[in-house]
Amino acid sequence: MADVSDTKIGEAYQDVRDDKTETNWLLLDYESDRSDKLHLTATGTGGLDELREQLNDSTASYAYARVQYANDKESKREKFIYVVWVGPQCKIMRKAKSSVHSGDVKSVLHAYSIEVAARENDDLKEEPIVARLRKAGGASYDGV
């Protein structure tokens with residue numbers, strides 16, 4: 001069981017969800033290689049590009065992000081994504097635990113449109129994620 005009791009996690013989650021703030025992502029990491037306790041590593045305002053820069057190839061992390069995209073010429077949508085990052089050089093036991101711990105993390109980062117399983121930085125490129133959000137969103141007036 002992952003320990004997600006750090007109050008900063010819930011505060012950062014509310015900050016990302018708040019339309020009045022510029023914060024649009026948060027990142028959670030394990031305190032150490034042997035720990036199951038998660039802590040808030042970083043937050044930011046630079047979207048998925050900035051979030052990708054924070055990811056470490058040898059770790060498993062969890063992220064939550066607000067993604068804004070144009071629904072049509074007159075409107076914009078904001079949707080939230082939940083990211084499970086398992087870097088390509090992550091240790092095998094941490095990889096295994098991350099799938100189990102994901103459920104515990106979801107108890108705190110619970111409102112999102114899609115879950116993204118990311119194994120390399122390209123998995124967090126905005127264009128394919130927006131395409132998935134459009135499909136998940138139901139009605140599409142642009143035929144996408």
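Is Tyr64 buried or exposed, at 0% relative accessibility? Here are some notes on that residue and its surroundings.

1. Tyr64 counts as buried, because its relative accessibility is 0%; buried means under 20% relative accessible area, exposed over 50% and partly exposed in between, with a 1.4 Å probe and protein chains only. Tyr13 is buried too, at 3%.

2. A word on the basis: this is a predicted model, where local features need pLDDT of at least 70, side-chain atom pairs count only at pLDDT 80 or more, and totals for chains, interfaces and linings use all residues. Residues are numbered from 1 along each chain as its sequence is written, and side-chain values use heavy atoms, leaving out hydrogens and water.

3. The structure has four aromatic pairs (rings of Phe, Tyr and Trp, the last by its six-membered ring, with centres within 6.5 Å; planes under 30 degrees apart are stacked, over 60 edge-to-face, the rest tilted). Tyr13 and Tyr64 make a tilted pair, because their planes stand at 55°, with ring centres 5.0 Å apart. This pair links distant parts of the chain, 51 residues apart: Tyr13 belongs to helix 1 (residues 7-17) and Tyr64 to strand 3 (residues 60-70). Helices (H or I, at least four residues) and strands (E, at least two) are DSSP runs, numbered from the N terminus.

4. Over the face of Phe80 lies Arg17, at 4.3 Å from the ring centre; a charge sits over a ring if NZ of Lys or CZ of Arg is within 6 Å of the ring centre and within 35 degrees of the ring normal. Likewise, Arg94 lies over the face of Tyr30, at 3.6 Å from the ring centre.
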